[in-house]
Amino acid sequence: MKIQHTPWYCRPRALVSLTLASSLLGTPAFANRDGDDFATATPVKHVVVIFQENVSFDHYFATYPRALNESGVPRFVARPDTPSVNGLRAGLVTHNPNAAPPLRLSRAQAVTCDQDHDYTAEQAAFDFGIMDKFVEFAGNADTGCDAKIVMGYYDGNTVTALWNYAQHFAMSDNSFNTTFGPSTPGALNLIAGQTHGATPTDIKDETVQGTIIGDPRPALDDCSPTTGALVTMHGRNVGDLLNEHAITWGWFQGGFRPTSHTATGQAVCGATHTGLPGTPKADYIPHHAPFQYYPQTANPHHLTPSSTAMIGRTDRANHQYDLADFWEAVDHDHLPAVSFLKAPGYQDGHAGYSSPLDEQSFLVETINRLQASREWDETAVIISYDDSDGWYDHVLPPIVSQSSTVADALTGPGACGVQQRGTYGGRCGYGPRLPLLVVSPFARTNFVDHAVTDQSSILRFIEDNWKLGRLGDQSFDADAGSLGNLFDFQGEHRAPRLLLDPATGLRRR
């Protein structure tokens, strides 16, 4: 009998085989240790999500764990028992189907142009799953930029800290952007598993059929520009679930604290810093703040918390804070159960205005400081990314959500497979493969997980750990793969602390 295989682009949304809850079936909830802890399904009492910008998996881990180690750069030598990843095999370098082969970018090339990572352009680059049109559709051919750089990748001589975190803790080589597209869809999928629910519903290159596909700014934010597309989201996000269960949480973003106010009380976010690219960049970027799109979780005037003790609890700040508030909470033993950290613009890793070396400084300084905190023994740090920036990655994602809108292009004009009746359009996905690492005493050490996950898997981990339930309304959290493989909650030994140098990414001696 001939077996009929359903084409990859027409498969229904895949159900995952294991969730965190099922993997811990029969394990009782872990009781409170501190007075401000909450009962959890695992020993993790504090989740800190560091949400960075614009990196594909191959862009940072294509040759992991092998670095070139030329003279004058931080030297990376892998442990002999390091597991392999689905990286760039020799054949993909010498016989790549794209118009240019993959190329190693040196530490001296840490500053690059931003690539094209629009919802439509990324699908066109994937070209029916052949993965051969990155130069034409994702490469930046603007003045002074070479479109072939889109095929570039770094190794452990540049993204040294991340490679060292992967050596000592756990990482995934099979985690994906929930949908195609730029920063805002990724941020929304992180907190809601949902990009549908936008008003206005149809703005060219920004929303389609009520779904956000671009980077419109949150209408409920004083610091959004007065020109351009402004959008409000309707629906529920993880903040609603956490509030309903009285669990402390917060989104902490560089530059959120206003530098001044207008005569009418409007916040002005004027803080800037300059990274390696050499041009001042605003610390606060409104479309990187997903909770600001929702009326129930927005802090339009960027009000400060009423006290340190209220950080993570509902008051005038409404769970939206500056990064300085996070460290104020940590230093006074008020670390929320769930914290999302967003670097100031110059340190978020976004090509064009930041760099891998600027990003490394932020990551290492943050994780070093967290490891010195009183709560580290019950903390899990998840390092994740909002989108791929269009950077080349050779892995075709499973297309679990089909879409047929004017913005789609994966399987032809207006098509990402065939959209199922009753589903929301503009959510073609999964999108590009992204890095995902867990740094925690509970992380498996020197471990690579190959299970399929996406940005909403982080949302699902939070939901399962605090038993919050699901968001519904076609949120991707319902079918998200589990992060459970990245943890070892049963082992006798915890992963030791790893203190790195922010400049080199090497272990401190």
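In the predicted model, Cys 113 is partly exposed, with a relative accessibility of 25%. This value lies in the range between the limit for buried residues, under 20%, and that for exposed residues, over 50%. Cys 113 is bonded to Cys 145 through a disulfide with an S to S distance of 2.1 Å. The torsion of -85 degrees about the S-S bond makes the link of Cys 113 and Cys 145 left-handed. Cys 113 belongs to the loop between strand S2 (103–104) and helix H4 (119–126), whereas Cys 145 belongs to the loop between helix H5 (134–137) and strand S3 (152–153); the bond therefore ties together parts that are 32 residues apart in sequence.

The count of disulfides comes to three. Along the chain, the bonded cysteines follow the pattern 1-2, 3-4, 5-6. A disulfide is also formed by Cys 223 and Cys 269, whose sulfur atoms are 2.1 Å apart. Its torsion about the S-S bond is about 75 degrees, so the disulfide of Cys 223 and Cys 269 is right-handed. Because Cys 223 is placed in the loop between S9 and S10 and Cys 269 in the loop between strand S13 (267–268) and strand S14 (272–274), the pair ties together parts that are 46 residues apart in sequence. Cys 223 and Cys 269 are both buried.

Cys 416 and Cys 428 form a further disulfide, with their sulfur atoms 2.1 Å apart. This bond is right-handed, because the torsion about the S-S bond of Cys 416 and Cys 428 is about 70 degrees. Both cysteines lie in the loop between strand S18 (379–385) and strand S19 (436–439), so the pair ties together parts that are 12 residues apart in sequence. Cys 416 is buried at 0% relative accessibility, and Cys 428 is likewise buried, with a relative accessible area of 0%.

The pairing of S18 with S19 is antiparallel and comprises three bridges, with Ile 382 standing opposite Val 438 in S19.

An open sheet of three strands has the order S6-S10-S9 and mixed pairing. Its edge strands, S6 (198–199) and S9 (217–218), each pair on one side only. S9 runs parallel to strand S10 (residues 230–233), to which two bridges join it. Within this pairing, Pro 218 has Val 231 of S10 as its bridge partner.

Helix H4 is largely enclosed by the rest of the structure, since seven of its eight residues are buried. These buried residues are Tyr 119, Ala 121, Glu 122, Gln 123, Ala 124, Ala 125 and Phe 126. Helix H5 is included in what covers them. After H4 comes Asp 127, which has a positive phi near 50 degrees.

Two loop residues were also examined. Asp 173 is located in the loop between strand S4 (170–172) and strand S5 (175–176). Asp 173 is buried but has no salt bridge, the nearest side chain of opposite charge being that of Arg 433, 4.8 Å away. A polar atom of the Asp 173 side chain does lie 2.8 Å from the backbone nitrogen of Asn 86. Residues up to four places away in sequence aside, Asp 173 touches Phe 57, Val 85, Asn 86, Arg 433, Val 448, Asp 449 and His 450.

Ala 337 occupies the loop between helix H9 (323–331) and strand S17 (338–342). With a relative accessibility of 2%, Ala 337 is buried. Its C-alpha atom is separated by 8.8 Å from that of Gly 250, although Ala 337 and Gly 250 are 87 residues apart along the chain. Beyond its neighbours within four places in sequence, Ala 337 is in contact with Phe 38, Lys 45, His 46, Val 47, Ile 247, Thr 248 and Trp 466.

Conventions
Residues are numbered from 1 along each chain as its sequence is written. This is a predicted model: local features need pLDDT of at least 70, side-chain atom pairs count only at pLDDT 80 or more; totals for chains, interfaces and linings use all residues. Side-chain values use heavy atoms; hydrogens and water are left out. Two strands pair if DSSP finds at least two bridges between them. Helices (H or I, at least four residues) and strands (E, at least two) are DSSP runs, numbered from the N terminus. Buried means under 20% relative accessible area, exposed over 50%, partly exposed in between (1.4 Å probe, protein chains only). Lys and Arg count as positive and Asp and Glu as negative; His and the chain ends are not counted. A salt bridge is a side-chain nitrogen of Lys or Arg within 4 Å of a carboxyl oxygen of Asp or Glu. A polar contact is a pair of N or O atoms within 3.5 Å; within protein, one must be able to donate a hydrogen and the other to accept it, and residues adjacent in sequence count only if both atoms are side-chain atoms. Contact means heavy atoms within 4.5 Å. A disulfide is a pair of cysteine sulfur atoms within 2.5 Å.
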